[in-house]
Amino acid sequence: MLKDINVKINQIKEQVAEKKVLEEKLDNLNKEISMYECELRDLEEILNKELHDVEKLKKVSLSSIICTITRNKKEKIEKEEKEYLIAKFKYDDCFSRVDSAKNSKLRIEDRLNSLANCENRYAELLDTKLALINIYGDANEKNRILNMEKELDHYFKELKEMEESIEAGNTLYEEIAYAKEILQSAKNWGTIDLLGGDFISSIAKHEKVDQAQNQFIRISNLLSNFNKELKDVNINSLNFSNTMKTFDIFFDNIFTDISVNSQISNSYEDICKLQRDVDIILKKLKDSKVSLHEIIDDKKDEYDKFINSL
C-alpha cells in the first residue's frame, strides 16, 4: 500500500512544485505592474507636453512669428519633434512592458487555477503515508521519509524553475531570429539606397528600421523576463543595452544614409551576439535539466527502495 501511495505522491509533487514557482512569479509580476504603471503615467504626461510643444510651434502664434522672423522656426520644430519622438519611444517601451506583464499575469493565473487543489491532495496523501508508517515503521523511519520528501520537493521545484527558464529563453531566441531577418533586410535596402536607389528603397529601409525598433522593444521585455528566470537558477544575466542605445541614435541621423547604414550594421552585429549568448545559455540550461532529471530519478529509486523495505 505504501508503494501505491508513493506513486501518487510523486505524480502530484511536480504540480506542487510548479504551483510554488508560479506563485512566486505572480507576486513579482504584481509588484512590477504597479511600478510600470506609475512610470507609464509619468511618461504619458511628458509625451503630452512634448506633443503640445510641437503643435503649438506649428500653429500661427506670436512665438511662431518671432521664430519665423529670426529664421529658426524649422530648427525649433525639428528639435521639438525629436524630443516628442524620444518621449514616444520611451512611452511605447513602458506601455509594452505593462502589456507584456499583464499578459504574463493572466497566463500564470490560468495555470494556477488548474493547480488549485494539488497542495491539499498532496497533504492528504502524505498524512495517509505517515499514518501507515506509524503502524508499520518507527519514528526514525518516519523522520527519514519526511527528510527525503523535502529533498525531492527541493529538486522538483528546481526542475520547474529550469523549465520556466528554458521556455523563456526559447521565446526570446525566436524573436531575436526575427529581428535578425528585419535588420538583414534593412541592410540590403540600405546598400541599394547607397548605390543610387530611389525613393522606394529609401522608404523600405526606414520602414525596416521602424520594424526593428519595435522588435527591439519586444526583445528588451523578453530579455528582462529571461534574466529574472536566470536569477532563479543562479545564472548571470545578459545585457542588451548597446543595441537599444544604437536605435536612439537613429533620431539624430535619420536623414544621413551612411550613418543610418552604419547603425543598422552595428545593430545587426549586436543582435547576432545576443543570439549567440542566448544559445550558449539555453544549451547550459538543457544540460542542467538532463542532470537534474538524473538526480531526481536516483532519489526516487532510493526512496522506493526504502519504502519497499518497510
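Here is a short walk through a pocket and some ring contacts in this structure.

The model is predicted, so local features need pLDDT of at least 70 and side-chain atom pairs count only at pLDDT 80 or more, while totals for chains, interfaces and linings use all residues. Residues are numbered from 1 along each chain as its sequence is written, and side-chain values use heavy atoms, leaving out hydrogens and water.

A pocket is an open set of points on a 1 Å grid over the protein atoms alone where a 1.4 Å probe fits, with protein on both sides within 12 Å along at least five of seven lines; its lining residues have an atom within 4 Å of a point. Of its 31 lining residues, Lys25, Ser104, Arg107, Asn225 and Glu229 are the closest to the centre.

Now look at the rings. Rings of Phe, Tyr and Trp (its six-membered ring) pair if their centres lie within 6.5 Å, and planes under 30 degrees apart count as stacked, over 60 as edge-to-face and the rest as tilted. The count comes to one aromatic pair. The ring centres of Tyr91 and Phe95 are 6.3 Å apart and their planes meet at 25 degrees, so this pair is stacked.

Charges can also sit over a ring, with NZ of Lys or CZ of Arg within 6 Å of the ring centre and within 35 degrees of the ring normal. The charged end of Arg97 does this at Tyr36, 5.0 Å from the ring centre. Lys187 lies over the face of Tyr268, 4.4 Å from the centre of that ring.
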